[in-house]
Structures are given as C-alpha cells and as structure tokens.
Amino acid sequence: MGSPGAVGRQCRAAAMVAVVGLSLLAGCASGGDDDEGGDLTVFAAASLSGAFTEIAEQVERSEPGVSIRLSFGGSTGLVDQLAGGAPADVFAAADVVTMDRAVDAGLVAGEPVPFATNVLTLITPPGNPAGITGLDASLDGARLVVCADGVPCGSATRELAEAAGVELRPVSEESAVTDVRGKVASGEADAGIVYVTDALAVAGRVERVPITGAPTVPNVYPIAVLDRAADSGPARRFLDAVTGPAGRAVLAEHGFGPP
C-alpha cells in the first residue's frame with residue numbers, strides 16, 4: 001500500500017480529473033469552439049507559486065491539449081504589466097484591492113472569485129540569532145526586510161504594525177514577498193515579514209515567529225478570467241480547478257485558509 005502522502009496526491013489528482021471532466025462535458029454539451037484545449041497564461045501572486053504549480057500540473061495531466069504558462073510576481077507589478085498590454089488569460093491577486101485595480105482598468109471579464117486567505121508571520125534565520133520575539137522592541141536595530149508600500153503583503157504589514165503601535169524601520173522593502181523570504185533564508189536579514197505559506201515553503205531554512213493579531217488581518221485572494229483571454233474555455237476551467245475541491249485541498253496543503 002502507498003504512503004499516506006502518495007495516497008493523498010492520488011486522491012487529489014482523481015478529484016481534479018473529476019472536476020475538469022465535468023467541465024469538459026459541459027463544454028461538449030454547449031458545442032462552443034472556445035472550450036477546446038490550447039495555451040493558457042496565468043499571472044499570479046508570488047505567494048501562490050507552489051500551490052499553482054501543483055494545480056497547473058494536475059490540470060495539464062487531465063487535459064493533454066492544454067499547456068499552462070505560469071508567471072509569478074508581486075500582485076501590483078502584475079497589474080501594471082497587464083495594463084501595459086501583457087498577454088494573459090487568468091489573474092490571481094494576493095488581495096482584493098489589487099484585483100479591484102484590474103477590474104477598474106477594464107482588464108477582467110465577469111466577477112472575480114475569492115478562493116483563499118493568507119496571514120502574515122515573522123521569519124528569522126535558523127536559531128533566530130537576533131532574538132526576535134514579535135512586532136515589538138526586539139526589532140530595534142535588527143535588519144528587517146518587508147514588502148514595499150502598495151504590495152499586498154506590504155499593506156497588511158503596515159496595518160498590523162499600526163495596530164501594535166510599532167514603527168517599523170526596515171533596511172529593505174521588496175516588490176514581492178518571495179524576495180523578502182529569500183533574503184532571510186540566505187542570512188542577509190535578521191527578520192522578515194512574509195505570509196505563513198512562504199514560511200512553510202522554506203521551513204527548513206527559516207524559523208517562524210508568530211505575530212500577535214495577524215489572523216485578524218487576513219489577505220483574501222481573488223482570481224478572475226481576463227477580458228483579453230485568447231480562449232475563455234481553458235481559462236474558466238483553470239479557475240474552476242483552483243476554486244473546486246481538489247484545488248482547495250492543494251491550497252490547504254500549502255498553508256492557505258478558506259476564503
């Protein structure tokens with residue numbers, strides 16, 4: 001008998017096949033040409049890289065005719081690229097405010113769908129050499145790295161800091177949460193503020209320091225098919241895969257909460 005992890009992966013894959021299969025049957029019934037396979041470009045928040053890579057692989061296995069290209073980055077920067085004409089079919093943002101920008105710019109077809117939540121945490125290099133204990137005086141003089149203003153994780157960071165009555169003095173502000181994670185994991189920083197999902201992704205290379213009150217300021221992640229989608233059929237099936245039971249199981253494994 002296979003390991004519990006292998007069994008879990010097989011179950012998720014089977015569920016994904018079922019979800020995509022139902023979508024394909026619906027497409028056949030409608031007889032629409034846009035439900036056939038093809039290339040699909042997905043722009044997604046950097047914090048989704050692990051989960052979306054796994055979901056995309058499952059969809060490609062279920063639909064051999066579909067090839068998915070994933071492009072990850074800071075949500076704000078991705079909207080800027082889309083507004084500048086970058087071709088993409090699906091967009092997943094790390095907060096509602098950033099998705100609203102895409103909607104207001106006329107980039108989105110239909111209503112965005114919330115599909116996950118995430119919360120922030122502090123991370124330090126192994127052993128926590130600077131003795132960081134939270135959003136408190138332990139950060140004074142520490143090499144702190146955070147997300148930049150306007151980036152979803154940056155907005156949430158500042159909201160938490162204000163609630164705690166703490167003035168943060170970062171040595172660097174990054175445009176993507178994965179860059180914050182990388183600087184801490186490499187030892188370039190004493191501490192960084194990232195999503196719980198990012199901390200889990202490098203669990204062997206960093207230590208987590210929970211932030212009091214972080215669960216009260218969750219980031220809600222929405223996903224939407226873009227107005228310029230070359231073929232709305234595969235785009236909508238990818239959205240259905242992310243928001244369906246199999247997609248939610250993958251997201252939960254990577255540390256995301258329900259929407």
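At 59% relative accessibility, E167 counts as exposed. Exposed here means over 50% relative accessible area, buried means under 20%, and partly exposed lies in between (1.4 Å probe, protein chains only). This is a predicted model, in which local features need pLDDT of at least 70, side-chain atom pairs count only at pLDDT 80 or more, and totals for chains, interfaces and linings use all residues. Residues are numbered from 1 along each chain as its sequence is written, and side-chain values use heavy atoms, with hydrogens and water left out.

E167 has a charged partner. Its side chain meets that of R169 in a salt bridge, at 3.5 Å from N to O. A salt bridge is a side-chain nitrogen of Lys or Arg within 4 Å of a carboxyl oxygen of Asp or Glu. R169 is exposed too, at 58% relative accessibility. The structure holds eight salt bridges.

R237 and E63 join their side chains in a salt bridge of 3.0 Å, N to O. This pair links distant parts of the chain, 174 residues apart. R237 sits in helix α8 (residues 232-243). E63 sits in the loop between α2 (49-62) and β2 (67-73). Helices (H or I, at least four residues) and strands (E, at least two) are DSSP runs, numbered from the N terminus. R237 is buried, with a relative accessible area of 5%. E63 is buried as well, at 6%.

Another bridge joins D190 and R143, whose closest N and O atoms are 3.1 Å apart. D190 lies in the loop between α6 (177-185) and β8 (191-195), and R143 in the loop between β5 (120-124) and β6 (144-147), so the pair ties together parts that are 47 residues apart in sequence. Are the two partners buried or exposed? D190 is buried, with a relative accessible area of 14%. R143 is partly exposed, at 37%.

Salt bridges can also form a network. D149, R158 and E173 are linked in this way.

Finally, look at V209. This residue is found in strand β9 (residues 207-209). V209 is buried, with a relative accessible area of 8%. Which residues does V209 contact, leaving aside its neighbours within four places in sequence? They are T121, L122, T124, N128, I132, T133 and G134. Contact means heavy atoms within 4.5 Å. I132 is 77 residues from V209 along the chain, yet their C-alpha atoms are separated by 7.5 Å.
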